[in-house]
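Thanks for making the time this morning.

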Amino acid sequence: MPKHLTDAQVDHYRDRGYISPVDLLTESEAAEARAKLEAYEAESGGPLGGAQRAGGHLLWTWLDELMRHETLLDAVEDLIGPDILCWNSIFWIKEAASPSYVGWHQDLEYWGLDNDELVSAWIALSPASEAAGAMSVLPGSHRELLDHDETYHADNMLTRGQELKIDVSEREVASMALEPGQMSMHNVRLAHGSGPNTTDDRRIGVSLQYMPTRTKQRLVDWDFATLVRGTDDYGHFELTPRPQRDFDPVAVEFHQRAGVALRELLYQGAERPPERAPTL
């Protein structure tokens, strides 16, 4: 029996490639997480910088704790089993009335990971309505390998401005709007994207990428991950240190090394040299 999800949700994930919405945090817990993020931004003089958008679980203890949330891991275990690594965390922030968008793409195309059972959990810390630029998906597309163009569009939040070559208007599209504290879960081969934020509030989300411990990295010699549940009997990834406090020097040093490695991975074979920090 599933630990947290229903049998119907698990079946929907297998068949359609996603589940949404899934209740995770209370409204007050989501507000508290947002407040911690925005307090740091206020102290540092502006919105979160590119280098800190990836791997934030190595910098802030609250994000490390969210990554290990028992209910979240129960839901992930229902989908991929009890031995779980978290590959990375990414903040997805669209400012109010921002033109920023995420092009239609499939994550696994660029990550170099050899396992298509990976689960991406996207957690809303502010309203993620359709007007705010909620994620949309192409149901069932996790069974396909689709071609991409690299547009390098300035408003596309992806590293290379990736865009599927197919005409999305000819496909079924499902929106995954979320309230603060809710999450969506999708297979990393599922095609997805999101439009601009047309509201007067920031759209703040964080994604966490979970994978079975047997997963391997195919494109680079060194990669890293966090063991969040079970045991790692394979050793394919260097396990990250757990921050004992915010900006723990040991974890900060690892974050810097990890950022260089992630940049090398995500821009392998790119048509243009990197001009900004990687955002997956």
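**Packing and ring pairs**

Let me begin with threonine 240, which counts as buried because its relative accessibility is 14%, and please keep in mind throughout that what you are looking at is a predicted model. This threonine belongs to the loop that runs between strand S13 (238–239) and helix H7 (249–266). Its side chain makes a polar contact of 2.5 Å with the side chain of threonine 226. If we set aside residues up to four places away in sequence, threonine 240 touches Leu58, Phe224, Ala225, Thr226 and Phe254.

From there I would move to the nonpolar packing. The largest nonpolar core has 39 residues, and the members that touch the most others are Trp62, Leu72, Leu79, Phe91, Ile123, Met183 and Tyr210. Helix H5 (residues 70–80) gives the most to this core, contributing six residues. Coming back to tryptophan 62, and leaving aside its neighbours within four places in sequence, we find it in contact with Ala33, Lys36, Leu37, Phe91 and Leu125.

Now to the aromatic rings, where a search of the whole structure gives nine aromatic pairs. One of these is tyrosine 40 with tryptophan 60, an edge-to-face pair with 5.2 Å centre to centre and 75° between the planes. Because tyrosine 40 lies in helix H2 (residues 27–44) while tryptophan 60 lies in the loop between helix H3 (50–53) and helix H4 (61–67), this pair ties together parts that are 20 residues apart in sequence. Both partners are buried, tyrosine 40 with a relative accessible area of 17% and tryptophan 60 at 4% relative accessibility.

A tilted pair is formed by tryptophan 87 and tryptophan 111, at 4.9 Å centre to centre with 40° between the planes. Here tryptophan 87 is in strand S2 (residues 84–94) and tryptophan 111 in helix H6 (residues 108–111), so the parts tied together are 24 residues apart in sequence. These two tryptophans are both buried as well.

Which residues do ring pairs link into a cluster? They are Tyr40, Trp60, Trp62, Phe91 and Phe247, and of these, Trp62 and Phe91 were also on the list for the largest core.

I will finish with a contact between a charge and a ring: the charged end of arginine 53 sits over the ring of tryptophan 92, 5.5 Å from the centre of that ring.

Terms used: Residues are numbered from 1 along each chain as its sequence is written. This is a predicted model: local features need pLDDT of at least 70, side-chain atom pairs count only at pLDDT 80 or more; totals for chains, interfaces and linings use all residues. Side-chain values use heavy atoms; hydrogens and water are left out. A nonpolar core is a set of buried Ala, Val, Leu, Ile, Met, Phe, Trp, Tyr and Cys residues joined through side-chain atoms within 4.5 Å. Buried means under 20% relative accessible area, exposed over 50%, partly exposed in between (1.4 Å probe, protein chains only). Helices (H or I, at least four residues) and strands (E, at least two) are DSSP runs, numbered from the N terminus. Contact means heavy atoms within 4.5 Å. A polar contact is a pair of N or O atoms within 3.5 Å; within protein, one must be able to donate a hydrogen and the other to accept it, and residues adjacent in sequence count only if both atoms are side-chain atoms. Rings of Phe, Tyr and Trp (its six-membered ring) pair if their centres lie within 6.5 Å; planes under 30 degrees apart count as stacked, over 60 as edge-to-face and the rest as tilted. A charge sits over a ring if NZ of Lys or CZ of Arg is within 6 Å of the ring centre and within 35 degrees of the ring normal.
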